[in-house]
Amino acid sequence: MTQTDLADSSSAAPATEATGAASAPAAPTSQSPAGAEKKPRLGRKRDHTRDTDILEAALDVLAETGYDGMTIDMVATRAKAGKATLYRRWASKSDLVLDAVACMKSKDLDLAALPDTGSLRGDLVALVRPPSIRDAERKLNVMTGVVSMIARDPEMAAAAQEAIVAPRAAANRAIFERAIERGEISADVDLDTLSTIAPAMAAFRTLILRRSPDRDFLIGIIDNVVLPAAKRGAPTS
C-alpha cells in the first residue's frame, strides 16, 4: 500500500482500538440520520436598507425624463447603486415606478398619528398639506409619467390606482371610523366610497387635467362633496 493510500484510508475513517473498525459503517445518530438529505443552502438575504434612496432616485429620473426616457440603469446611477441590486428587486421599470409612486404618496401619512382635532372636518382639513411649488411641479411630472406608463400598458391601471389612491384612502377611512365612534356621522355610511372621493378627484385633476391639487381645491372637495355625503342621515343630537 502506498503512502497516498494510507492517507486516504486514515482520513476516511478514524482509527479505533478494534482491528477493522475503521472500515465499519458509522451508526446513524440523531444529529445525522441515515439517508438524510442535505439542506439547500439559503441565498443571501436581500438588503432593503437602500430602497428609499433608490425610490427617490426613480422619482427624480421619472420627473426629468418621462416614463419613455427613463431606464433602470439611469436610476441605479442616480442612486449610486449596483444595477444588479435594482434588477433583483424590481423585475421591470413599471414595477419600480409603481413602488416609487406609492412611497411618494404614503411617506407623509402616518396612520398611527393622524390628526385628532375633535371634529370630522377639522381632521380632514388637517390632512391637507399642499406641497411647495417645487414639489408640486415634481409630482405633476411624476404623474405625467404614470399616465404614459398606463397608456403603454393598460393592465397597469389598477395597480397605479392602488399606488396613488390607496394611501390617502386608508387615512381617510381611519378618520371616518373615528367620527363614527364619536357619533358625528352614522355607522351605516359607505366608508369605501367616502374614503376614496377626495384622493380619486385629486388623482383625476393631476393625471387627466395636468393640474396640481392645491389647498383650495382639496378643501372645496371636503366642504362641498365629502362632508355632505358623510353627514347624510347622520344621527341627530
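Asp 73 is partly exposed, with a relative accessible area of 28% (buried means under 20%, exposed over 50%, and partly exposed in between, using a 1.4 Å probe and protein chains only). Asp 73 also pairs up with Lys 83 in a salt bridge, at 3.6 Å from N to O. What you're looking at is a predicted model, where local features need pLDDT of at least 70, side-chain atom pairs count only at pLDDT 80 or more, and totals for chains, interfaces and linings use all residues. Residues are numbered from 1 along each chain as its sequence is written, and side-chain values use heavy atoms, with hydrogens and water left out.

**The overall build**

- The chain has 10 helices and zero strands; helices (H or I, at least four residues) and strands (E, at least two) are DSSP runs, numbered from the N terminus.
- Read from the N terminus on, the elements go α-α-α-α-α-α-α-α-α-α.
- Of the 237 residues in the chain, 33% are buried.

**Salt bridges**

- There are 15 salt bridges in the structure, each one a side-chain nitrogen of Lys or Arg within 4 Å of a carboxyl oxygen of Asp or Glu.
- As background, side chains of opposite charge can pair when their charged atoms come close.
- Back to the pair from the opening: Lys 83 and Asp 73 meet in a salt bridge. Lys 83 lies in helix 4 (residues 83–89) and Asp 73 in helix 3 (residues 72–79), so the pair ties together parts that are 10 residues apart in sequence. Lys 83 is partly exposed, at 46% relative accessibility.
- Asp 60 and Arg 138 form another salt bridge, with their closest N and O atoms 3.0 Å apart. Asp 60 sits in helix 2 (residues 51–69) and Arg 138 in helix 7 (residues 133–152), so this pair ties together parts that are 78 residues apart in sequence. Asp 60 counts as partly exposed, with 26% relative accessibility.
- Arg 121 bridges to Asp 223, and here the closest N and O atoms are 2.7 Å apart. This pair links distant parts of the chain, with Arg 121 in helix 6 (residues 120–126) and Asp 223 in helix 10, 102 residues apart. Arg 121 is partly exposed at 37%, and Asp 223 is partly exposed at 29%.
- Then there's a network: salt bridges that share partners join Asp 116, Asp 123, Arg 178, Arg 182 and Glu 184.

**The largest pocket**

- The largest pocket has a volume of about 820 Å³. On a 1 Å grid over the protein atoms alone, a pocket is an open set of points where a 1.4 Å probe fits, with protein on both sides within 12 Å along at least five of seven lines. Grid points are joined across faces, edges and corners, and the volume is the space filled by probe spheres set on the points.
- Its lining is made of 33 residues, and Lys 105, Arg 129, Lys 139, Arg 168 and Leu 218 lie nearest the centre; a lining residue has an atom within 4 Å of a point.
- Helix 5 (93–106), helix 7, helix 8 (157–182), helix 9 and helix 10 are the elements that give two or more residues to this lining.
- By type, the lining divides into 22 nonpolar, three polar and eight charged residues. Here Ala, Val, Leu, Ile, Met, Phe, Trp, Tyr, Cys and Pro count as nonpolar, Asp, Glu, Lys and Arg as charged, and the others, Gly among them, as polar.

- Phe 204, Ile 208 and Leu 209 make a nonpolar patch on the surface, with about 300 Å² of accessible area together. Patch residues have over 30% relative accessible area and no salt bridge, and nonpolar side chains (Val, Leu, Ile, Met, Phe, Trp, Tyr) are joined within 5 Å; the areas come from the Shrake-Rupley method with a 1.4 Å probe.
- Leu 209 is in the loop between helix 9 (191–207) and helix 10 (215–230), and is partly exposed at 44%.
- Arg 210 is in the loop between helix 9 and helix 10 too. Phi of Arg 210 is near 60 degrees, a positive value in a residue other than glycine, and Arg 210 is partly exposed at 42%.

- Lys 80 has a positive phi, near 55 degrees, in a residue other than glycine. Look for Lys 80 in the loop between helix 3 and helix 4, where it is exposed at 76%.
- Thr 65 belongs to helix 2 and is partly exposed at 37%. Thr 65 and Val 142 are 77 residues apart in sequence and 9.6 Å apart in space, C-alpha to C-alpha.

Definitions and conventions: Patch = residues over 30% accessible without salt bridge, like charges linked within 9 Å, V, L, I, M, F, W, Y side chains within 5 Å.
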